[in-house]
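Welcome! Please take a moment with the sequence and the 3D view, then try the exercises below one at a time.

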2 protein chains.
Amino acid sequence: MNDGMHPQMGQSLLFLTDEQLRKGIEAMFFAYRGFTADPDRILAEKSYGRAHHRAIHFIHRNPGTTVNNLLSILGVTKQSLNRVLRTLIEDGLVASTVGKQDKRERHLHLTSDGAELERALSDAQRDRMRAAYRAAGPDAVIGFRQVLEAMMDEDARRHYEAMKDRTE
Amino acid sequence: MNDGMHPQMGQSLLFLTDEQLRKGIEAMFFAYRGFTADPDRILAEKSYGRAHHRAIHFIHRNPGTTVNNLLSILGVTKQSLNRVLRTLIEDGLVASTVGKQDKRERHLHLTSDGAELERALSDAQRDRMRAAYRAAGPDAVIGFRQVLEAMMDEDARRHYEAMKDRTE
DNA sequence: ACAATACGTCAGCTTTGTTGACATTCCAAG
DNA sequence: CTTGGAATGTCAACAAAGCTGACGTATTGT
């Protein structure tokens with residue numbers, strides 16, 4: 001113990017040791033694998049990837065969103081998103097409609113097929129999240145979210161907050 | 001509010017609503033981007049990627065590990081790891097030595113150059129983690145880790161636990 | 001009229017993952 | 001001592017998903 005810490009550091013900052021931080025880093029790595037594992041299995045059957053999942057998720061969360069807005073949420077280039085979006089539109093999972101006020105914009109919605117896949121994916125992902133929440137308990141969940149929120153970049157947090165309380 | 005919840009559910013399980021779970025899912029997504037952002041910048045300069053970072057991290061954590069063991073920690077194929085490992089060895093960041101008992105095995109260590117890069121990467125990643133920990137506080141950190149641990153797959157948790165308390 | 005914006009697309013490149021096939025080396029069991 | 005299987009490495013081919021750069025079109029705002 002006491003990995004060369006300064007004595008004045010005091011008990012209250014023990015959670016900031018390099019050792020504690022490293023554990024958190026590894027926990028993030030391993031947990032993220034679990035986090036994506038279940039949806040990945042469903043996606044593989046339909047020969048989609050995580051990029052499709054993300055697009056579907058955020059179109060579901062932001063019905064009618066424009067391509068540009070989705071781009072900024074996902075943090076990828078339009079070429080990268082376009083490849084994914086094109087297959088989703090071709091496969092009839094996403095509908096793209098010309099904007100009413102601004103006809104340059106395309107508004108994105110899930111079709112009923114798209115909504116069905118979205119449900120399958122988020123059910124799978126929620127099941128694991130629910131099990132983890134239940135195992136850890138409500139106080140742990142609050143802490144979990146606090147740390148994650150503090151770990152985000154500014155613009156990610158902006159997007160996160162913007163969607164956060166939509167249904168409350 | 002009350003998103004169609006069963007009345008008998010009770011106050012104590014409010015944290016398990018689909019809404020709460022979805023927030024957790026999105027928090028994971030956005031936070032993971034922040035989590036990798038700083039190391040990614042350093043890696044880009046040296047034209048390495050995240051795969052190199054992961055290899056370096058776990059070789060640092062498990063000096064002398066075999067390729068097979070590293071494979072099972074990282075959860076990728078040997079061909080995928082080998083490509084990364086080869087460049088790291090060529091660039092003099094990783095040393096691969098033939099096993100003493102079992103000469104089929106290769107034991108992996110960081111060279112001093114490798115250790116230097118490892119330090120730069122983990123310093124950057126720890127800085128952000130430290131800021132997040134500090135912002136959220138010690139109780140939140142405990143909850144954070146509990147939820148992440150509960151989210152891991154069995155074998156991931158095994159690897160995680162095996163490395164967890166090495167220095168305590 | 002003109003510049004800027006939103007979107008789509010083409011071409012080409014990179015990283016990182018995958019399978020499958022095959023050679024080498026070596027340990028261990030028969 | 002031989003042989004089967006394990007650990008490793010390598011070749012080839014491929015896919016997903018990111019990137020840059022360039023270009024075209026429609027629309028909007030100045």
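## Exercises: DNA strands and a pair of chains

**Exercise 1.** Find how far a polar side-chain atom of Ser80(A) lies from a sugar or linking oxygen of DNA strand D.

*Solution.* The distance is 3.1 Å, and a polar contact here is a pair of N or O atoms within 3.5 Å; within protein, one must be able to donate a hydrogen and the other to accept it, and residues adjacent in sequence count only if both atoms are side-chain atoms.
Next, look at the phosphates: a backbone N or O atom of Ala51(A) is 3.3 Å from a phosphate oxygen of DNA strand D. From the other chain, a polar side-chain atom of Asn82(B) also lies 3.3 Å from a phosphate oxygen of DNA strand D.
Now place these on the fold. Two or more residues each are given to the surface near DNA strand D by helix 2 (50–61) and helix 4 (78–90) of chain A, and by helix 3 (67–74) and helix 4 (78–90) of chain B. Helices are DSSP runs (H or I, at least four residues), numbered from the N terminus.

Before going on, a note on the ground rules. This is a predicted model, in which local features need pLDDT of at least 70 and side-chain atom pairs count only at pLDDT 80 or more, while totals for chains, interfaces and linings use all residues. Residues are numbered from 1 along each chain as its sequence is written, chains are lettered from A and ligands numbered from 1 in the order in which they are written, and side-chain values use heavy atoms, with hydrogens and water left out.

**Exercise 2.** Work out how many residues surround DNA strand C, and which are the closest.

*Solution.* Begin with the count: 25 residues surround DNA strand C, where near means that a heavy atom of the residue lies within 4 Å. The closest are Lys78(A), Gly49(B), Arg54(B), Thr77(B) and Arg83(B).
Finally, pick out single contacts. The side chain of Asn82(A) has an N or O atom 3.2 Å from a phosphate oxygen of DNA strand C, and the side chain of Ser80(B) has one 3.3 Å from a sugar or linking oxygen.

**Exercise 3.** Describe how chain A and chain B meet: how many residues does each give to the contact?

*Solution.* Chain A gives 60 residues and chain B gives 62, with contact meaning heavy atoms within 4.5 Å.
Together the chains bury about 6500 Å², 70% of it on carbon and sulfur atoms; buried area is the accessible area (1.4 Å probe) that two parts lose on being put together, summed over both.
For charges, there are 8 salt bridges across the interface, each a side-chain nitrogen of Lys or Arg within 4 Å of a carboxyl oxygen of Asp or Glu. One of them links Arg130(B) with Asp18(A), whose closest N and O atoms are 3.2 Å apart.
Helix 1 of chain A gives the most to the side of chain A that touches chain B, with 19 residues.

**Exercise 4.** Explain why the rings of Tyr32(A) and Tyr32(B) count as a stacked pair.

*Solution.* Start with the total: the structure holds 13 aromatic pairs over all chains. Rings of Phe, Tyr and Trp (its six-membered ring) pair if their centres lie within 6.5 Å; planes under 30 degrees apart count as stacked, over 60 as edge-to-face and the rest as tilted.
The centres of Tyr32(A) and Tyr32(B) are 3.8 Å apart and their planes are at 15 degrees, so the pair is stacked. Tyr32(A) sits in helix 1 of chain A and Tyr32(B) in helix 1 (residues 18–45) of chain B, so the pair joins two chains.
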